[in-house]
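Hi everyone, thanks for coming.

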Protein chains: 2
Amino acid sequence: MRKEKDKIKIIPLGGLSEIGKNLTVIEYKDEIIVIDCGMEFPDEEMLGIDIVIPDITYLKKNVNKVKGIFLTHGHEDHIGALPYVLKEINVPVYGSKLTLGIVDSKLKEHGLSGSVDLKCIKAGDVIKLNRMSVEFIRTSHSIADSMAIAVHTPVGIIVHTGDFKVDYTPIDGCVIDLARFAELGKEGVLLMLADSTNVERPGYTMSEKTVGKTFQKFFAVAKSRIIVATFASNIHRIQQVITAAEKYRRKVAISGRSMENIMEVAMNLGYIKIRKNTLISIDDINKYPGNKIVIITTGSQGEPMSALSRMAACEHKKVTIIPGDTIIISANPIPGNEKLVSRVINQLFKQGAQVIYEALADVHVSGHACQEELKLIHTLVKPKFFMPVHGEYRHLKQHADLAMKLGLSPKNIVIADNGDVVEVTKNSIRKNGKVVSGQVFVDGLGVGDVGNIVLRDRRHLSQDGILTVVITIEKGTGKVIAGPDIISRGFVYVRESEDLMEEAKQLVRGALKECQEKHITEWSSIKSNVKEVLRSFLYEKTKRKPMILPIIMEI
Amino acid sequence: MRKEKDKIKIIPLGGLSEIGKNLTVIEYKDEIIVIDCGMEFPDEEMLGIDIVIPDITYLKKNVNKVKGIFLTHGHEDHIGALPYVLKEINVPVYGSKLTLGIVDSKLKEHGLSGSVDLKCIKAGDVIKLNRMSVEFIRTSHSIADSMAIAVHTPVGIIVHTGDFKVDYTPIDGCVIDLARFAELGKEGVLLMLADSTNVERPGYTMSEKTVGKTFQKFFAVAKSRIIVATFASNIHRIQQVITAAEKYRRKVAISGRSMENIMEVAMNLGYIKIRKNTLISIDDINKYPGNKIVIITTGSQGEPMSALSRMAACEHKKVTIIPGDTIIISANPIPGNEKLVSRVINQLFKQGAQVIYEALADVHVSGHACQEELKLIHTLVKPKFFMPVHGEYRHLKQHADLAMKLGLSPKNIVIADNGDVVEVTKNSIRKNGKVVSGQVFVDGLGVGDVGNIVLRDRRHLSQDGILTVVITIEKGTGKVIAGPDIISRGFVYVRESEDLMEEAKQLVRGALKECQEKHITEWSSIKSNVKEVLRSFLYEKTKRKPMILPIIMEI
């Protein structure tokens, strides 16, 4: 009977019903482990926000239980919140060599290096805690050194796939450890949490190697410079560019801060194979003929300040696009970035470059498992219970459907949301309650100080601007001594709207006079009268609704 | 010799290096014809802008030459600017019955109905002007009654394809008049302008009929209500929903203002075949069992205020999603709308609906020609000169490449930009000069009154908000009588930032004191001192750069 009640809690604090800020809490009695600690990029409506991180109130409250943060790989959506979270809860961080290399470089930027206990693990390692132990299993993904995690608990084994694909021919030869997944499956897995990103795509994700073949094809014929833009973290992609460059006797230069950072980390840690004389400084590219040069750069998502965007806009200090340059954008636009990427492609074409991108050639493969790969993992691991993770609701729902098609009963599947407490016993899985969870906005130095009111105001300001009305009145009498002055920003072009503003002032004067006649002296009432008269006047004249900010000075 | 100099001018005022606001001027001596008059939706950076229309300064200057606006079809990017343009130049508008039906309903909204000379044409019609004549040729597209235009001029024939695809089995049986294109080709076409939208896609665009088959498949098995979202203007798509509904004995209700408007136009003009009792009011849907209902609705692009979005967010007054509803999103997200569409899909899934969309089934086909169709048209028309139109630069460039692969010489191809004057003689094509062109922003009632300064301010406000500093000083002495008061919006959460604001006030006081001591009395200098001291203080404290608006009142 007592055994029956033994339960594990799974509490996702991020990564469910969203792409990004992955953070999963696994709790057994007085022990908590955290899998991943990611950030996400703001939505369009989150005006002025730099990044979004998970709300970790629950971890702060239970800080004594937290034994560590266990990282599956080094992508921002899995490690990006670490600098913020570690300032709140300083716990050991476990990850593979490359992952921790990237983490360390990030912590340095935040002035946190050295103060965090980074514990380097390799595939197959098992970290024994008091009650649970955490095993790292080799997987394939679009960044090297990716891991799945198996948590061995008294209730049963929990497998978290992390982000993964099944690549039989990975660039570094480190093939996903399907045998270990199978072994765990044989032993009996209580619960699997698996990546849902590509669940809508039938078939298989192609091997990373296929991109290398495309590179070789273009390198073989390019008569001038080649510029390849890709994700800085995609070490294997970068390796393939270097391999093709060396084959065709081209020098390689690096452009873009994050690309330089990651290259440094990856080369120091031995993740990049490159001949001694291949790498040259970006300052030296003009010392070689065009057909001897490859530039690897950031900006594959069209990010406005990235190196490639600056090249495309003729604003890059060191690289000027020359007609005949071949530019390979080795990435797909992440949803939301399509227009930015398209703008860069247009600009590059206009400058006479040949631009190669996903619509035209196989210059990118995904890092996530498609349907057949998901079926393979489900079949090997054969978990008793299943929780789809890493995806919007549509993905989670379809991943649940896929599990059902493979024979799992609906009652053994839970589609959870961030903050849900999912309780798993040997024989049951169910949601039981909620903890605090949500989005914490990082804006400049502020973490969490921009909330919904500030964002609502920014949205309002962004649509129709602001109109400030200043009035100085005499204390006691309420007599207007100076003003009203009206200053607008982002509403109308001031010089062409003098009449409108003059009319507005007259209306404000009228409203003030009426207030005085009616002996309305309370500021809030005067302000709301002024606001209302302006609001309806401006809407009638312009069909716009600027923010109206009346300011009364009393002397 | 004199004949040699006879030339036609082609002046695109919209639609080049962009998707939208198509407007092409064809000018021969004292005669101008305008092909299409479209709007486009604002980019993300055009904050608060409702729509964007072409700058028609050139047409206003040459209004006496303009013989008419000739419409290829009724999509917004081809007719949407008409209400604004016709207010400036009241010229006859030629178009097919459905196109003009849609135009008329649009003009009514703008209070312009009746004051515009709408001239209804049908495929094959030739409008003879003084020097040119304009021939309409049947095409296929994602809206019924679409036309290409052949302009017969003394210099030669100009063919403008409009938006088109080659659909051998269109819903209304009105097949694209390939024979006429071939005939013109035989006769000799001087210049072709052709749709470039889908030039990156190999192969053929599928027939609209394939979507009907998908509908039938889902209608055959749906056990509850079916809700289909699509573009209001896609009459053929709507017809196919109705046909499937009637086959499976379901009633059809319409939701969404633009869908209702277009249905009314299309039914009045006989473009929709529907049995007498099929259509019911949206108010009556609950009088029938779920398996007897189909709702056709707007919102296939996830537009926040659309009917489908309101259903998804449980905010629709008349339709509440019920678990088991089948929702078909019969459209692809237009670039930039991916996230909006995804949000709607997630919300619908969460409410228990089965959602069918492009990733899961063939519920949409494009209205534009893919590579093989473009090759067909090029081969039939065999123009001497070619100008790719309707596309971003990347599309125009690739369409030019496609024409070259078909044998056209690069010197016979011009990739133009909006405003370019392209001169065509019997033997030559070249760009010769520029006319005014550009984007005119429509914001509420304002047409063109929001320019770059206002947008720059809106962007600034949207990122970090605004901080208003008000000071009342004594005339002459410059002594501070009241203030400084600081009010912020969209910058920080006011209640949590009292200390910051207090410190800011102290700094402003200090700056004012310093100004007084240094006998700085000019307002602009005082203001810039205050601005600078606040700017650097706030950036240091928050790494944010709100707009700072100092206001000095003098009494």
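Let's begin with chain A, which has 16 helices and 25 strands. Those come from DSSP runs, numbered from the N terminus, with helices being H or I of at least four residues and strands being E of at least two. Before I go on, some housekeeping: this is a predicted model, where local features need pLDDT of at least 70, side-chain atom pairs count only at pLDDT 80 or more, and totals for chains, interfaces and linings use all residues. Residues are numbered from 1 along each chain as its sequence is written, chains are lettered from A and ligands numbered from 1 in the order in which they are written, and side-chain values use heavy atoms, leaving out hydrogens and water.

Okay, the overall picture. Along the principal axes, the C-alpha atoms of chain A fill a box of roughly 85 × 75 × 45 Å. Of the 555 residues in chain A, 58% are buried. Buried means under 20% relative accessible area, exposed means over 50%, and partly exposed is in between, using a 1.4 Å probe and protein chains only. Chain A exposes about 22,800 Å², and carbon and sulfur atoms supply 50% of that; these areas come from the Shrake-Rupley method with a 1.4 Å probe, and for residues only the protein chains shown count as cover.

How about contacts, meaning heavy atoms within 4.5 Å? Take those in chain A between residues at least 6 apart in sequence: 71% of them join residues at least 24 apart.

Now to a spot that carries an annotation. Which residues does UniProt put under "binding site"? The unreviewed entry lists His364(A), Val365(A), Ser366(A), Gly367(A) and His368(A). The positions are in the numbering used here, feature names are shortened, and annotations may be inferred rather than shown by experiment.

Let's look at two of those. His364(A) sits in the loop between strand 17 (354-356) and helix 12 (371-381) of chain A, and it is partly exposed at 21% relative accessible area. Leaving aside residues up to four places away in sequence, His364(A) touches Val211(A), Phe231(A), Arg237(A), Ser330(A), Ala331(A) and Asn332(A). With Arg237(A) there is also a side-chain polar contact of 3.0 Å. A polar contact is a pair of N or O atoms within 3.5 Å; within protein, one must be able to donate a hydrogen and the other to accept it, and residues adjacent in sequence count only if both atoms are side-chain atoms.

Ser366(A) is also in the loop between strand 17 and helix 12. Why is Ser366(A) called buried? Because its relative accessible area is 14%. Among the residues it touches are Lys165(A) and Arg201(A).

On to salt bridges, where a side-chain nitrogen of Lys or Arg is within 4 Å of a carboxyl oxygen of Asp or Glu. Over all chains, a search of the whole structure finds 70. One of them pairs Lys65(A) with Glu27(A), with the closest N and O atoms 2.7 Å apart. That pair links distant parts of the chain, 38 residues apart: Lys65(A) is in the loop between helix 2 (57-61) and strand 5 (66-70), while Glu27(A) is in strand 2 (residues 23-28). Lys65(A) is partly exposed at 24%, whereas Glu27(A) is buried at 4%.

Next, Glu109(A) and Arg257(A) form a salt bridge, closest N and O atoms 3.7 Å apart. This pair also links distant parts of the chain, 148 residues apart, from helix 5 (residues 97-109) to helix 9 (residues 257-268). Here Glu109(A) is exposed at 52%, and Arg257(A) is exposed at 59%.

There's also a network of salt bridges linking Asp43(A), Glu45(A), Lys339(B) and Arg343(B).

Let me finish in chain B with His152(B), which lies in strand 10 (residues 147-152). His152(B) counts as buried, at 19% relative accessibility. Its side chain makes a polar contact of 2.7 Å with the side chain of Glu135(B). Beyond residues up to four places away in sequence, His152(B) touches several residues, including Arg131(B), Met132(B) and Leu184(B).

Methods
Contact = heavy atoms within 4.5 Å.
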